[in-house]
Amino acid sequence: MNRFVVLLLAALLHATGAVAQTLSDGPYVLQNRDGNWIALSIRDGTATHAPTSIGAEVEIPGVGELPSFKVRLRAPTKPPPSVIQLRSETPLFVMADTHGELEIAVALLRAHGVVDESLRWSFGEGHLAILGDVFDRGAHHTELLWLIYKLQAEAEQAGGAVHFMLGNHESMVLLGDDRYLHAKYKEATKAFGAPHYAALWSPKSLLGQWLRTLPAALKIGDLLCLHGGLSPEVAARELTLDQMNSTVRDALAFRHALPEREQALVSFVMGPNGPLWYRGYFEPRSTQHSPQATAGDVASVLAFYEAKKIVIGHTKVPTVTALYDGRVIAVQVYPHRDENGAPMIEGLLVEKGRYFKALADGSRVAL
Ligand SMILES: [Mn+2]
């Protein structure tokens with residue numbers, strides 16, 4: 001991006017009025033043709049760009065009462081393994097769809113000691129699993145993604161881990177479906193002069209690369225953790241987690257260049273009965289939804305993957321809910337505020353073989 005484009009962007013921002021003057025977003029860290037990294041940001045309506053590099057830090061501005069934080073940029077890494085060992089004494093905190101609701105997500109993580117006041121990892125050797133759909137709807141998914149990216153490094157250093165499973169909204173944004181974007185991101189796209197929002201998350205962007213290494217489904221200890229669910233068709237096809245995860249990665253990386261025989265697998269894995277979209281643990285809410293899984297379907301999935309429970313987001317529940325005699329746990333309590341403005345969201349805490357709803361006020365209730 002040259003100076004002319006940046007000036008053009010500034011002009012665009014000033015032309016769009018009061019809302020644009022308050023627009024802040026980014027940074028988007030992109031690699032140019034020479035292989036150099038550039039951080040693009042909008043601060044109070046002004047587009048800026050600055051050279052950066054792997055090993056350098058970028059600053060993510062504060063939102064509301066939340067402090068700003070710095071993130072060190074890392075070279076892209078290989079995809080993680082699909083099976084994660086978890087010792088029974090290691091706590092696991094599961095957070096489902098956050099949809100750009102940074103302040104509410106942070107309230108939950110702070111209340112349960114996963115992060116501290118300055119948004120640093122404070123969960124020691126604990127594991128945090130994030131079940132996708134960080135993107136879309138809300139106004140702060142960029143900050144949330146940077147926070148997760150940062151926590152991953154901090155957790156690893158502390159002997160813990162952050163596992164981020166992709167949801168259907170990650171795949172939609174990366175593949176160019178911008179129907180659910182908060183209006184602010186469409187404005188940001190225009191401000192940067194980008195052809196479309198997905199260009200800011202392309203494989204040439206640092207977080208775009210990182211997202212394309214992430215899994216759709218993991219087995220963490222004896223729990224299958226993922227966004228949508230595992231349909232009976234997944235087990236019937238004997239698709240391993242590795243196969244599922246690499247198919248999702250292929251779909252997000254080079255969907256249009258896949259050989260035809262792989263296209264069929266991609267269509268299935270990325271479709272309504274694949275791990276990102278499946279809703280079959282619930283009564284169908286529309287004719288597009290899969291028929292409800294039977295107890296036998298759930299049992300055969302658990303048997304195939306040699307797991308004890310399936311932990312999912314994606315489908316809204318009023319409170320963290322055990323289904324199928326506790327073999328499926330639905331975690332997606334949509335992040336919102338109650339009539340007094342208190343953050344409302346729940347997580348799942350697994351500690352020493354016991355399961356708890358983790359409430360936003362820091363309390364826990366046995367499941
Ligand atoms: Mn979803």
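In which sense do strand S10 and strand S11 pair, and over how many bridges? Strand S10 (residues 217-220) and strand S11 (residues 223-226) pair in the antiparallel sense over four bridges, where pairing requires that DSSP find at least two bridges between two strands. Within this pair, Ala217 stands opposite Leu226 in S11.

The structure is a predicted model, in which local features need pLDDT of at least 70, side-chain atom pairs count only at pLDDT 80 or more, and totals for chains, interfaces and linings use all residues. Residues are numbered from 1 along each chain as its sequence is written. The average pLDDT of the chain (the predictor's confidence in each residue, from 0 to 100) is 92, and 93% of the residues score at least 70. Over residues 1-19, pLDDT stays under 50. For this segment the model has 23 contacts beyond four places in sequence, a contact being two residues whose C-beta atoms, placed from the backbone, lie within 7 Å. Where pLDDT is low, the predicted coordinates should not be read in detail.

Eleven helices and 19 strands make up the secondary structure of the chain; helices (H or I, at least four residues) and strands (E, at least two) are DSSP runs, numbered from the N terminus. S10 and S11 belong to an open sheet of six strands with mixed pairing, in the order S6-S10-S11-S12-S14-S13. Strand S6 (83-84) and strand S13 (321-323) each have a single partner strand and stand at the edges, so one side of each is left without a neighbour in the sheet.

Of the 367 residues, 47% count as buried (20 or more other C-beta atoms within 10 Å of the residue's own; exposed, 12 or fewer; partly exposed in between; C-beta atoms placed from the backbone). In helix H11 (residues 295-305), the buried residues are Asp297, Val298, Val301, Leu302 and Tyr305. These cover an arc of only 130° around the axis, which puts them on the same side of H11; the arc is that of the directions from the helix axis to the C-beta atoms. Ala295, Gly296 and Ala303 are exposed on the other side of H11. Glu306, which follows H11, has a positive phi, near 50°.

Arg33 lies in the loop between strand S1 (25-31) and strand S2 (37-43) and counts as exposed, with 6 C-beta neighbours inside 10 Å.

Residues 24 or more positions apart account for 63% of the contacts with a separation of 6 or more. Along the principal axes, the C-alpha atoms fill a box of roughly 60 × 50 × 40 Å.
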